[in-house]
Amino acid sequence: MTHERDADPDPDAQPAADESADADPTVHTTGQPRPDGGAVDDVALDPWGSSTVSDYRKLFEQFGIERFETVLDEVPAPHYLMRRGVIFGHRDYRPVARAMREGDPFAALSGFMPTGDPHIGHKLVFDEIIWHQQQGGDAYGLIADLEAHSARGLSWAEVDEHARNYILSLLALGFDPEAGELYRQSANREVQDLAFELGAEANFSELQAIYDFDGETDVSHMQSVVTQMADILYPQLEEPKPTVIPVGPDQDPHIRLSRDLAARLRYFGVTEAYASFELADAERRALALVYDELVDESRRTDEGGDDTLRCEDAAALLRAGADRADPLDEPAVRDSLLEKLDNAGKEPLRPRVRFVDRNATETAFEALIEAVDGEKRVYDNHVDAFETDRAAAEQLARDVEVAHGGYGFLPPSSVYHRFMTGLTGGKMSSSVPASHISLLDTPEEGYDKVKTATTGGRETAEKQRELGGEPDDCPVYELYAYLLAHDDDEFAKQVYDECAGGERLCGDCKEQAARLMEDFLENHQEKRAEWADRLEELDIDLDTDRKR
Ligand code: TRP
Ligand code: SF4
């Protein structure tokens, strides 16, 4: 599942942990990192397990997901899920934000395993896809039917029924099927062809390391992984473009693998160097500082002699500065850099961009050499360019690749949303109807579920007036912030403040939320019904003739 886990609730589920370092009531994140069952101390990102995030901070520290706040300012008119911190993290979202600002092509794609009814947790992702479409992106919604069949063992008849329900809700929420594309994995030949190519770049040991696969893992399950990789890269098949994949953090292993595979298929790698040897990132940062210092120095003391900077000069400076407290000269980095500089000795030290031939055809490599402007040096499997900057080099490498039959994929980007808490506390689960509001629920059912939801309220009204409620620990507040308040930040803030300030009591608060939910579902069911009548007009495969 991309979004909310499906497995049965974990009997060991812990109560919500109160460690919201990143909860900021002023932006109305719903605050607390909530475990949705399972392991609490360690974050395990398992796309097929009962995914658990007990502490969102670990995702930043251990997995290198970046906080969404760091790009929020770069997004032209951020969605309320972004503003409220529900979308809490990203990988490499900047190119997407830039394309949005500059009116350049970009895409958004996500997929849904049709294992049950779509519910309000999935709605977050539907909204994210639709919003990117409205911002000018190419939008894709796919039904991961191969994955549901192989990883979850659903029959094709079950898959068909659920697939239809996901598609209807996506349309009812505003997905434009003329401008975007909806597909089923099983019916998309291009995706399967691409999956096959991608499968040639990954082997069993790697899948084992990433997903904990073992000798008992079905081959189809592995195939569903490469299919997902193909889904993720599919928007770039015609031309490379920034692509965002909105998902829950449990899907991050897939995102990382797709970024790796995208890079592995590239014809050329682009790096920056100062001499013949290659540099690790930390070494490059350290050498950049040393180089700048050398340049300054040689300007000051220019005696008109030979002013060529050499590797040995950098080594000398690095040694002389051994006691300088420089954030970058970690001993290990310094040592390895020194070794490289010493070996290079009198070699000139000059910044350059390096194109490395990875998978290029001979003609493509020739064409690249030809296309590099200004001073260049050609080696066996790389070209060094002295008058090109990094960004221009990346573009050039991609253009040459595409012109010579390569994909030129950009590494896909991702955004991550928080898992919603179940209405009964614990995690929201498709298999526990009372824990979620299904997008197929009638308005009355929705109303009732909200009315009986767990709250962050105190035992008595007096206490609530005195101490205030705990909106950060309240599934009902979450409903407001994630869904019911829509775009109205003022309203979400008002609910939060009134609750925390003790002016709002749970009975009335739930009544208000229940009515809003009722309205939402009434409207949603109407739109679903309208789309159900028009579904045939759309070019979507709804029924498989597969057996079993
Ligand atoms: N694996 C996803 C899930 O468990 C479904 C999926 C398939 C998907 N292909 C995708 C998600 C591509 C995002 C992008 O729900
Ligand atoms: Fe939750 Fe509303 Fe009660 Fe506050 S008043 S704890 S937001 S139900």
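A residue counts here as buried under 20% relative accessible area, as exposed over 50%, and as partly exposed in between (1.4 Å probe, protein chains only). By that rule D212 is exposed, because its relative accessibility is 68%. This is a predicted model, in which local features need pLDDT of at least 70 and side-chain atom pairs count only at pLDDT 80 or more, while totals for chains, interfaces and linings use all residues. Residues are numbered from 1 along each chain as its sequence is written, chains are lettered from A and ligands numbered from 1 in the order in which they are written, and side-chain values use heavy atoms, with hydrogens and water left out.

**The protein as a whole**

- The protein has 21 helices and eleven strands, taken as DSSP runs (helices H or I, at least four residues; strands E, at least two) and numbered from the N terminus.
- Of its 548 residues, 54% are buried.
- The accessible surface is about 23,900 Å², and carbon and sulfur atoms account for 46% of that area; such areas come from the Shrake-Rupley method with a 1.4 Å probe, and for residues only the protein chains shown count as cover.
- A contact means heavy atoms within 4.5 Å. Looking at contacts between residues at least 6 apart in sequence, 75% join residues at least 24 apart.

- Helix α9 spans residues 204-211, and its buried residues are E206, L207 and Y211. These three sit on the same side of α9, because they cover an arc of only 105 degrees around the axis; the arc is that of the directions from the helix axis to the C-beta atoms.
- The buried residues of α9 pack against α10 (219-233) and α11 (252-264).
- At the start of α9, a side-chain oxygen of N203 comes to within 3.2 Å of the backbone nitrogen of S205.
- Just after α9 comes D212, with a positive phi of about 65 degrees. D212 belongs to the loop between α9 and α10.

**Another positive phi**

- Most residues other than glycine have a negative phi, and most peptide bonds are trans.
- D92 has a positive phi too, near 55 degrees, in a residue other than glycine. The loop between β2 (87-91) and α4 (94-102) holds D92, which is partly exposed at a relative accessible area of 26%.

**Helices that cross**

- Two packed helices are described by the angle between their axes and the distance between the axes.
- The axes of α10 and α11 come within 10 Å and cross at roughly 70 degrees; axes are lines fitted to C-alpha atoms, for helices over the stretch in contact, and angles run from 0 to 180 degrees between N-to-C directions. The two helices are therefore roughly perpendicular to each other, a label for angles of 65 to 115 degrees, with under 35 counting as roughly parallel, over 145 as roughly antiparallel and the rest as oblique.
- On the α10 side, this contact is made by V225, Q228, M229, I232 and L233, and on the α11 side by H254, I255, L257, S258, L261 and A262.
- Helix α12 (residues 281-300) and helix α14 (residues 331-344) have axes that come within 10 Å and cross at roughly 75 degrees. That makes α12 roughly perpendicular to α14. A282, E283, A286 and L287 of α12 meet V333, S336, L337, K340 and L341 of α14.

**Single residues to look up**

- Q228 lies in helix α10 and counts as buried at 12% relative accessibility. Leaving aside neighbours within four places in sequence, Q228 is in contact with E147, Q185, Q251 and H254. The C-alpha atoms of Q228 and S110 are 9.8 Å apart, although 118 residues separate them along the chain.
- S169 is part of helix α7 (residues 156-172) and is buried, with a relative accessible area of 0%. Apart from neighbours within four places in sequence, S169 contacts P118, F126, L439, H524 and R528.
- T388 is found in the loop between β10 (382-385) and α16 (390-403), and T388 is buried at a relative accessible area of 19%. Not counting residues up to four places away in sequence, T388 touches V353, V372, D373 and A393.
- E239 sits in the loop between α10 and β6 (243-247) and is partly exposed, with a relative accessible area of 40%. E239 and P105 are 134 residues apart in sequence and 9.5 Å apart in space, C-alpha to C-alpha.

Notes: Polar contact = N/O pair within 3.5 Å; in protein donor to acceptor, adjacent residues only side chain to side chain.
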